[in-house]
Amino acid sequence: MRMSGGEALVRSLLQEGVEVVFGVPGVQMYAVSAALRDEPGIRMITTRHEQAGTYMADGYARASGKPGVALVVPGVGVYNAASGLATAYARSSPVLLIAGQIPRDQIGRDLGGVHEIFGQAEVIRPVTKWLKQVLAPKAVPDAVAEAFRQMRTGRPRPVYIELPPETTVEKDEVALRRPAPVAEIVPSPGQLEEVARIIADAQLPLIFAGGGVARSNAEQALVDLVEATNIPVVTSGGGKGAIPDSHRLCYGSCVTPAGEIHEMNQLFEVMQAADVVIGIGTRFSLGNPAGEASTLININIDDTDLTRIQMNTVPLHGDAKATIEALIPHLVAAGADERPSPAEAVAAARRLIAYFDIREKEPQYPILEALQRGAPEDAFIVWGVTQFGYYARTHYQVNHPKTFIDSGYSFNLGYAFPTALGVKVAQPDRPVLCVAGDGGFMFNASELSTAVKYGINVVTIVFNNDSYGNVARDLDEFFGGTYETDLTNPDFVYFAESFGAVGMRADDPLELETLIPAALKQQAPVVIDVPIGDIALPRARLIAHVSKLPWTRPQEGLIPP
């Protein structure tokens, strides 16, 4: 079929099931924009900044389970989009970034062409799984097919395609590709039998579930495993929601092995006592808390993570969902289904955690409880880099898969609002909330324009203390006083209304219990301004742990290696 490279690109995206593309149209990408205009099966959502395009694609991917796609111009467009790729990389999210390039005969010559960046692809290589420069229309379908194969196999992470303008406008005979078949990776029956025997013989086995459970759509399989074997679960920060927090065998989420904090200490002790830890879809970025004293059964689709953690590991290279489903019959045959339920012990540990809870000591926990009461249980919530987001990892109750969304170890301000917009595009009939601080919200607040234009009705809660509060606290705590962390903000109610959105303001943060349901009834994007200047600055719950980090330890001399 004769078509331009831009048309081949759009047709190839359609073949892969793409329904929406986020980004900014511009020079060197006009032919792609025209092809999108002429293809009714894909819609374009134009953002006000390239950064928001990749954040929205990430939110779309995490809420839909399908790859998200973003489109940018070359050069600075790629630079601007890179932060969204970094977050997607940190959370193993499948995002395709399609970028323009300068004309073919100028690439690599450093002549100062419009939007030129010498070695453009190298800018984002560290936060991509695969990248490709496409120089001819005939090569477009193969590149798109491989990009989606990369996102659908192994650990899903961002991929990248760049095209010079000639590729997009030239016409040639192009053969479209069908999506590449994806085979599930499952360990051998012999491996599964061996693991089943180990688990059946364990005295205190424990499951540690990570974000790979959600990426594999393995949430129900995990529940089936837990209920078949009566093995309790702790989730990582990325694994929150992999099993309902209300499940009788769920301890909850632990984000650090540090034992200085009361509620963390309880989970840490639980994990340390385990003689067999079954890791499912987790990097164990902070190590296995049970350490070499335990046997680690590591179920992971990423073979580079299988034996990285400790010597005493039984690796199971496989897709989380398929591996769990294949393992359960072997566990039953080995007698692992005869284990008595530890539900009473789990409940006792959770009561002990609650006894030491921050509601007894700090003002922000009642606010989190008010938010919990106001939000529908099935709401998707994107948590910004705020103290409320930190506390939510441990204390917010999540009972629906994939509904807890954060930035992972990327920890970047500004991602939450546009990511929430992408979530809402993927799940238009589900309630979507964004929880941000005033500092982070203003990074991408111009995307209110995008939300209003396309009717992306997200409710955004802005905790407003007119400062970069976490930075202010740390500087004051560890360096004897804050410096230049105060901010000048707009009136967020008027600001929202100036875009055509709805603005609300809480006189008391506890009003979130009633303001959130009222906001969700609006047929418009809503911003709820929540001033928190009259309450004590939230202190890090991990202050004992944070105080040991190198950036909070002023030294007279060199820090020993």
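Biologist: Where is methionine 29 found?
Modeller: Helices are DSSP runs of H or I of at least four residues, strands are E runs of at least two, and both are numbered from the N terminus. Methionine 29 sits in the loop between strand S2 (20–23) and helix H2 (30–37). This is a predicted model: local features need pLDDT of at least 70, side-chain atom pairs count only at pLDDT 80 or more, and totals for chains, interfaces and linings use all residues. Residues are numbered from 1 along each chain as its sequence is written, and side-chain values use heavy atoms, with hydrogens and water left out.

Biologist: Does methionine 29 count as buried or exposed?
Modeller: Buried means under 20% relative accessible area, exposed means over 50%, and partly exposed lies in between (1.4 Å probe, protein chains only). Methionine 29 has 0% relative accessibility, so it counts as buried.

Biologist: Which residues is methionine 29 in contact with?
Modeller: Contact means heavy atoms within 4.5 Å. Leave aside neighbours within four places in sequence, and methionine 29 is in contact with Leu71, Val72, Val73, Ile98, Ala99 and Gly100. Take valine 73: it is 44 residues from methionine 29 in sequence, yet 6.4 Å away in space, C-alpha to C-alpha.

Biologist: Where is the place of glycine 112?
Modeller: Glycine 112 is in the loop between strand S5 (95–100) and strand S6 (130–133). It counts as exposed because its relative accessibility is 63%. Glycine 112 and leucine 306 are 194 residues apart in sequence and 45 Å apart in space, C-alpha to C-alpha.

Biologist: What does the side chain of threonine 313 reach?
Modeller: A polar contact is a pair of N or O atoms within 3.5 Å; within protein, one must be able to donate a hydrogen and the other to accept it, and residues adjacent in sequence count only if both atoms are side-chain atoms. Here the threonine 313 side chain reaches the backbone oxygen of glutamine 310 at 2.8 Å. Threonine 313 lies in strand S14 (residues 313–317). Its relative accessibility is 14%, so it counts as buried. Beyond neighbours within four places in sequence, threonine 313 is in contact with Leu296, Asn298 and Leu306.

Biologist: Which residues of helix H1 are buried?
Modeller: In H1 (residues 5–15), the buried residues are Gly5, Gly6, Ala8, Leu9, Val10, Ser12 and Leu13. Glycine 17 follows H1, with a positive phi near 90°. Now look at helix H15 (residues 416–426): 11 of its 11 residues are buried.

Biologist: How many cavities does a search of the whole structure find?
Modeller: On a 1 Å grid over the protein atoms alone, a cavity is a set of points where a 1.4 Å probe fits but cannot get out; lining residues have an atom within 4 Å of a point. The search finds 3 cavities of 30 Å³ or more. A volume is the space filled by probe spheres set on the points, which are joined across faces, edges and corners.

Biologist: What lines the largest cavity?
Modeller: There are 17 lining residues, and Ala214, Arg215, Gly238, Lys240 and Phe404 lie nearest the centre. Helix H8 (212–215) and strand S16 (404–405) each supply at least two residues of that lining. For classes, Ala, Val, Leu, Ile, Met, Phe, Trp, Tyr, Cys and Pro count as nonpolar, Asp, Glu, Lys and Arg as charged, and the others, Gly among them, as polar. The lining of the largest cavity divides into 4 nonpolar, 6 polar and 7 charged.

Biologist: Which helix gives the most to the lining of the second largest cavity?
Modeller: Helix H14 (residues 387–395) does, with 3 residues. The lining includes Tyr390, Phe411 and Tyr415. By class, it has 5 nonpolar, 3 polar and 2 charged residues.

Biologist: How many aromatic pairs are there?
Modeller: Rings of Phe, Tyr and Trp (its six-membered ring) pair if their centres lie within 6.5 Å; planes under 30 degrees apart count as stacked, over 60 as edge-to-face and the rest as tilted. The count is 10 aromatic pairs. Tyrosine 55 and tyrosine 415 form an edge-to-face pair, 6.3 Å centre to centre with 65° between the planes. Tyrosine 55 lies in helix H3 (residues 50–64) and tyrosine 415 in the loop between S16 and H15, so the pair ties together parts 360 residues apart in sequence.

Conventions. On a 1 Å grid over the protein atoms alone, a cavity is a set of points where a 1.4 Å probe fits but cannot get out, and a pocket is an open set with protein on both sides within 12 Å along at least five of seven lines; lining residues have an atom within 4 Å of a point.
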